[in-house]
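Let's take a walk through a structure together. Have the sequence and the 3D view open, and we'll start from a single residue.

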Amino acid sequence: MSSAATGTSSAAPPRPAYWPRLGGAALGRGLVVGYLSIIVLLPIAALVVQSTDGGWSAFWNAISNPEAWWSLRWTLIASLIVVVINVFAGTAIAWVLVRDRFPGKAALNGVIDLPFALPTIVAGVTLLALYGPNSPVGIDAAFTKVAVVMALAFVTLPFVVRAVQPVLMEVDVEAEEAAASLGASPFTTFRRVILPSLLPAILSGSALAFARAIGEFGSLVLFAAFIPFKTEVMSGLIFSQIGTGNLTGAAAQSVVLLAIALVVLLVFGRLTKWSLRHAG
Amino acid sequence: MSIIVESASKRFGDFVAVDDVSLTVPDGSLTAILGPSGSGKSTLLRIIAGLETPDSGRILIQGNDATSIPAQHRDVGFVFQHYAAFKHMTVHNNVAFGLKIRKRDKDEIDQRVRELLALVHLDGLADRYPSQLSGGQRQRMALARALAVEPKVLLLDEPFGALDAQVRKELRAWLRRLHDEVHVTTIFVTHDQEEAMEVAEQIVVMNVGQVEQAGPPRELYEHPKSEFVMGFVGAVNRLGSLFVRPHDVEILHHPKPGADEAMIEHLVHLGFEVRVELVLAGGDGLWAQITQAEAEQLELQKGQIVYVRPSRGRVFDRDDGRPSGDDTPSTEELQAA
Amino acid sequence: MLASGRLSRWGLRSFALGYLGLLLLIPLGMIFFRAFEHGLGTAFDSITTPDALHAFYLTGLVTLIAIPFNTIFGVGCALLLVRTEFRGKALINAIIDLPFAISPVVIGLSLLLVYSETGWFGDWLNANGFQIIFALPGIVLATIFVTVPFVVREVVPVLHEIGDEQEQAARTLGANSWQTFRRITLPAIRWGVSYGVVIATARALGEFGAVAVVSGRIAGQTQTATIWIQEAFSRYDYTGAYVGAVVLAAIAVSILVAMNVFKRKEA
């Protein structure tokens, strides 16, 4: 990061290392890399290796057999539906939290983070209480596809909201007023002035929500269960495969799930950067 | 504690911040390093402090090679442009920090802190937090903090840059007075030539990583060694290859040898002085600075035709901006200009 | 101001409140109702069985062990990322974020593949009498895995924001690395660290999928609180399940409150 010849002298040049001796920093780096390797990389490596244990045919079979293939498609579809719901609901909620004024708004703002803090199993129990077999309002959605969508929507609620909120707070109110003075309707102003600047946030929030949704497990256990060809998402399938001892199959399915999550995060990361440049 | 910099160089990637700089700072002096942004002045200061290591060259502090000694052990006091106050500590604890690190006795620390706060006129504010102080007060606290451990050298990096103009002026005078009292070798970095001229005993002018000239303010002003120094240290007019200070431009009503015809475009009254903006026959602009009294005596008016003659000027060699002529041009040079 | 049409403002507000109410708030209220439906006594009894108590104890123990690891790692790693220069920062950042992208069940499986009897270290562990899977260490490892990112991610922006001038000043005043860290850096980042620790704790308390795989879910031995709740439900001990859920929800809410407090102090 070299400053240009005309830059201020107190700007960019790299500061001396926090540990002034080169040795200190190298030790720190070694410790960090070592820690991450043991805790994270080692198990992932074992996973990838195990998935290849039966060769390509076993790998392919693990994801292409009817139950697995159905589960994979359902996982992706359900997660996609939830992302779409989150885009609308999340943006609307963020809007209300930033632009609206009413008693209890601060408390509501705090509640948004609840799905982050709440154990997933409790999320499932919570939904079951109101929308399960003993529902006080007679709605029993347990063990259905709707239950899957509801549970995923529950746990991914904060992602888009929290991504959009800060951007919305920074939106140039004067730009909106200029648009209004030029005759734009509120909706047009929203579409042409505000939305473009929200797009990067919506994209990144959606990517995080999607990655979270496809791997979700705890909230589904009690509320939706993992009924093959009905509500079984990939995480449930993998769980049952582990239970029956088919570790290679489970590993193969895991690798595919992980790869999808990484690709989505990568692609959306690029998309977010692109849209940030064109957000204006 | 005298400081000698020997051929110090420092680059960051492709950018050369300090290029073979050598200079001497006499013991107990008050020196300014003056230069525009990117001139390398802050980097040089940080090298002297031990916050940066030069790629080549040496730093000698009182005769000892300090080049490989880190800031922690160099016994230098450093004051940052944005104060670097320890935000979570009171003023007292900020100033006491260096003493606490050295495990001094508590009573001794309290006594010393009280003395220093009195010195910088912050007595009574010992229990406040930096966020409760004004910018000027924070900088004075930073100064007290640096002085607490009795450093051999005091280094200040654009110390008044973040302050209001009025506060800046006050602190300038105050720094000079402080130096008179405390007598520690002091080096400060600034891009404000007025500040350097007002405060320092010696000025080192830097440009693109090199030292252009070093010397007392008066010498730099009256005997600049290069175009750059002359232009940076004060206002200057350029007449061809002749560089003339605005107050060395004589205004006459009648033609004289060496004088050029010019029209007064503008008269700007700046209190005690008057700035006369002129345009020469060839279309070039030039401005003169005269006192109110002189302006009245000459009865100058906008649109008037007058004759201007530089009473003094310098010519610098075209190629490297270095001086080729001496101060007072001959009549031939004046006529040629 | 935009959307000032009263209808659209009310419409939006109702939608947002309705969505949150139906998905989040009312269901949450329901579990409190269900938990105490049969009286406080029954509720208390259901959660104080030996297995239940052990489950909560285990959850607490695991959290108490796992969080300090990631706190120390988090602070150290953040310092490394922000205050030093080296190649490969992007890679380190990617690995740190990995736990966010992996399903908990997959995490459990990957740990199984390394530490179980048939895993990579299986022989060595067996030979030396170590039991990781189906025992406390496995649960701790799983919890550490899922909470790796939290403290780092909170401390990094704080370190960026405070800049290193205070640290430089401390050095010129004679402080060494440890003194600078303890007296200057740590106090400056303490709210960021607290916030990270608190959300990591919430995550640790709520972990289910990975623990479900590595623990063996043996009642009274390797069941954590979350596993116990699921298990209670499956044997029709609904009150127990709801009370357990309420306890964890109450903890989650207090964590939220702590989060808000720390977030404000950070500012």
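## Starting at one residue

Leaving aside its neighbours within four places in sequence, C:Ile31 is in contact with A:Val125, A:Thr126, A:Ala129, C:Tyr242, C:Ala245, C:Val246 and C:Ala249. Being in contact here takes two C-beta atoms, placed from the backbone, that lie within 7 Å.

Before going on, a word on the ground rules. This is a predicted model, where local features need pLDDT of at least 70 and side-chain atom pairs count only at pLDDT 80 or more, while totals for chains, interfaces and linings use all residues. Residues are numbered from 1 along each chain as its sequence is written, and chains are lettered from A and ligands numbered from 1 in the order in which they are written.

## The nonpolar cores

Which residues touch the most other members of the largest nonpolar core? C:Ile31 is one of them, along with A:Val125, A:Ala151, C:Leu109, C:Ala142, C:Ala245 and C:Ala252, in a core of 171 residues. Helix 7 (residues 145-170) of chain A gives this core its largest share, 15 residues. There's also a second, separate core of 93 residues, with B:Val5, B:Val199, B:Val244 and C:Ala169 among its members.

What's a core, then? A nonpolar core is a set of buried Ala, Val, Leu, Ile, Met, Phe, Trp, Tyr and Cys residues joined through C-beta atoms within 7 Å. Buried takes 20 or more other C-beta atoms within 10 Å of a residue's own, exposed takes 12 or fewer, and partly exposed is in between, with C-beta atoms placed from the backbone.

## Where A meets C

On the chain A side, 72 residues are in contact with 73 residues of chain C. Helix 1 (residues 22-51) of chain A brings the largest share of that side, 16 residues. Helices (H or I, at least four residues) and strands (E, at least two) are DSSP runs, numbered from the N terminus.

Sort the chain A side by type and you get 56 nonpolar, ten polar and six charged residues. For that sorting, Ala, Val, Leu, Ile, Met, Phe, Trp, Tyr, Cys and Pro count as nonpolar, Asp, Glu, Lys and Arg as charged, and the others, Gly among them, as polar.

## Chain C and its helix 8

Chain C has twelve helices and zero strands. Of its 267 residues, 52% count as buried, and its C-alpha trace spans about 75 × 65 × 30 Å along the principal axes.

Is helix 8 (residues 165-172) of chain C mostly covered or mostly open? Mostly covered: seven of its eight residues are buried. The cover includes helix 1 (41-49) and strand 6 of chain B, together with helix 7 (136-162) and helix 9 (177-206) of chain C. After helix 8 of chain C comes C:Gly174, with a positive phi near 105°.

## The sheet in chain B

Six strands of chain B form an open sheet in the order 6-7-8-3-9-10, with mixed pairing. Its edges are strand 6 (76-79) and strand 10 (210-215) of chain B, each pairing on one side only. Strands pair if DSSP finds at least two bridges between them. Strand 3 (residues 30-34) and strand 8 (residues 185-190) of chain B run parallel, joined by five bridges. One pair of bridge partners is B:Thr31 and B:Ile187.

Chain A averages a pLDDT of 87, and 91% of the residues score at least 70. That score is the predictor's confidence in each residue, from 0 to 100. Over residues 1-22 of chain A, pLDDT stays under 50.
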